[in-house]
Amino acid sequence: MTAPAPSASHPRFKRSIRPFLFVIAFYLLTLLAIGLLQALSDSFALGSVATGVISQWITLTSVVVATYVMLRRVEKLPWSVVGLDLPAAAPPILVKGAALGLLTIGIPSLILLAAGQLRILPGVPGSSLAKAGESVVFLLPAAFFEELFVRGYAFSVIRRMSGWKMALIITSVVFGLLHAANPGANASSILAVTVAGFFLGAVLLATGSLYAAGAAHFAWNWVMMGALHTPVSGLQTVNPDYTVVDAGPDWLTGGPWGPESGLLAVVAMFAVLFYLYGRHLRRMEPRA
C-alpha cells in the first residue's frame, strides 16, 4: 500500500510551501518598493545609475524583510537557522569567505592573463579607482540579495526537510537557471553558474554563515568588475583606464560572459568544493 498524499493541514505540506510563500512575499514587497522608487525618480529626476543602485538596495531590503517574516514571525526560528546570527558575522569568517571568492576567480584570471588568453586594452577616459568604488556600491547589495534569495530561507527549509545535499543541489540548479536571461547566456555559462551555486553553497555549509557566502559572492564579482574590468555573468559595463578582453577560445576564457564561465574558473571551483567537502562537509555525513 502507498502512503496517502499529505493534506493541506499536514506539517510537511505546510513546510514544503513555505519557500513559495517566501518568494511571493519578496515579490510583493519589491513591487511596492519599486513603485515608490519610480514615483521618486519622476519627482526628483534621478539618473539611471542612481536608480539602478537604489533598485539593488531595494531588492536586498525586500528579501531581508521577507526572510524576517517567514523565519521569525511565521516559524519563530532563530537567525542561526539561515546563518545570519551574530557569531556568523565574525570578522575571521567574513575574511575567509571573501578570500575564497577572490582567490577562486582571481587565480584563474591571472593565469589566463599570463598565458595571453586574456588581454589588457585601453579603456575609456576616466578613473579606475572610482570604478572600483562604484562597483562596491552596486555589487554588495546584489551579491547579498542573491545569497539571501537562493541560499537563505528557502535553502534552510529544503535542508530541514530533505538534508543539506538536496538543498545544495536544488538551490544550485535554481541559481544557474536564474541567470538564463542574462546577455549571452548559453548552456555552458548556465552550467558554470550552477557550479558556482555549489561553490557558494559549500561556503555557507562549511562556515555556517550566510554572511561568508555573501562575502565570497561579492569578492568574486568585484574582482571581475572592479579590478579586471571584465563582464560579470554577461553584463557589460563602461571600463575607464583599461579593459580586459578575451583573446582565446571561449571555452577557456568564458568569452563575452566573462572568465567565470571559462574552464579554469570551473576547475578552480571544483578544487575548492573538494577542499571544503574533505575539510568540513564530510563531517556532516551520517555515520553508519
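Leaving aside neighbours within four places in sequence, Arg18 is in contact with Met70, Val74, Glu75 and Tyr153, where contact means heavy atoms within 4.5 Å. This is a predicted model, in which local features need pLDDT of at least 70, side-chain atom pairs count only at pLDDT 80 or more, and totals for chains, interfaces and linings use all residues. Residues are numbered from 1 along each chain as its sequence is written, and side-chain values use heavy atoms, with hydrogens and water left out.

Arg18 sits in helix H1, which spans residues 11–44. Helices (H or I, at least four residues) and strands (E, at least two) are DSSP runs, numbered from the N terminus. The relative accessible area of Arg18 is 19%. Buried means under 20% relative accessible area, exposed over 50%, and partly exposed in between, with a 1.4 Å probe and protein chains only. Arg18 is therefore buried. One of its contacts is polar: the side chain of Arg18 pairs with the side chain of Glu75 at 3.0 Å. A polar contact is a pair of N or O atoms within 3.5 Å; within protein, one must be able to donate a hydrogen and the other to accept it, and residues adjacent in sequence count only if both atoms are side-chain atoms. Leu252 is 234 residues from Arg18 in sequence, and the C-alpha atoms of the two are 40 Å apart in space.

Helix H2 covers residues 48–74 and includes Ser62. Ser62 counts as buried because its relative accessibility is 5%. Not counting residues up to four places away in sequence, Ser62 touches Phe26, Leu29 and Thr30.

Lys76 lies in the loop between H2 and helix H3 (91–114). With a relative accessible area of 61%, Lys76 is exposed. Its phi is near 55 degrees, a positive value in a residue other than glycine. Most residues other than glycine have a negative phi. His229 also has a positive phi, near 60 degrees, and is likewise not a glycine. The place of His229 is the loop between helix H8 (210–227) and strand E2 (242–246). His229 has a relative accessible area of 0%, so this residue is buried.

Next come the helix pairs. How do H3 and H7 lie relative to each other? Their axes come within 11 Å and cross at roughly 155 degrees. Axes are lines fitted to C-alpha atoms, for helices over the stretch in contact, and angles run from 0 to 180 degrees between N-to-C directions. Angles under 35 degrees count as roughly parallel, over 145 as roughly antiparallel, 65 to 115 as roughly perpendicular and the rest as oblique. H3 and H7 are therefore roughly antiparallel to each other. The crossing of H3 past H7 is right-handed; a crossing is left-handed if the near helix is turned anticlockwise from the far one by less than a right angle, and right-handed if clockwise. On the H3 side, Ile93, Lys96, Leu100, Gly101 and Thr104 meet Phe199, Val203 and Thr207 of H7. The residues of this contact divide into 4 nonpolar, 3 polar and 1 charged. Here Ala, Val, Leu, Ile, Met, Phe, Trp, Tyr, Cys and Pro count as nonpolar, Asp, Glu, Lys and Arg as charged, and the others, Gly among them, as polar.

Helix H6 (residues 164–177) and helix H7 (residues 187–207) have axes that come within 7 Å and cross at roughly 140 degrees. The pair is therefore oblique. The crossing of H6 and H7 is right-handed. The H6 residues that meet H7 include Trp164, Leu168, Ile169, Phe175 and Gly176, and their partners in H7 include Ile190, Val193, Thr194 and Leu205. The contact of H6 with H7 comprises 13 nonpolar and 5 polar residues, with no charged ones.

Gly176 lies in helix H6 and counts as buried, at 0% relative accessibility. Apart from neighbours within four places in sequence, Gly176 is in contact with Ile190, Val193 and Thr194. The C-alpha atoms of Gly176 and Ala132, 44 residues apart along the chain, are separated by 26 Å.

Thr171 is found in helix H6 too, and its relative accessibility of 4% makes it buried. Leaving aside neighbours within four places in sequence, Thr171 contacts Val150, Arg151, Phe155 and Ile158. Val150 is 21 residues from Thr171 along the chain, with a C-alpha separation of 6.0 Å. A polar atom of the Thr171 side chain lies 3.4 Å from the backbone oxygen of Leu168.
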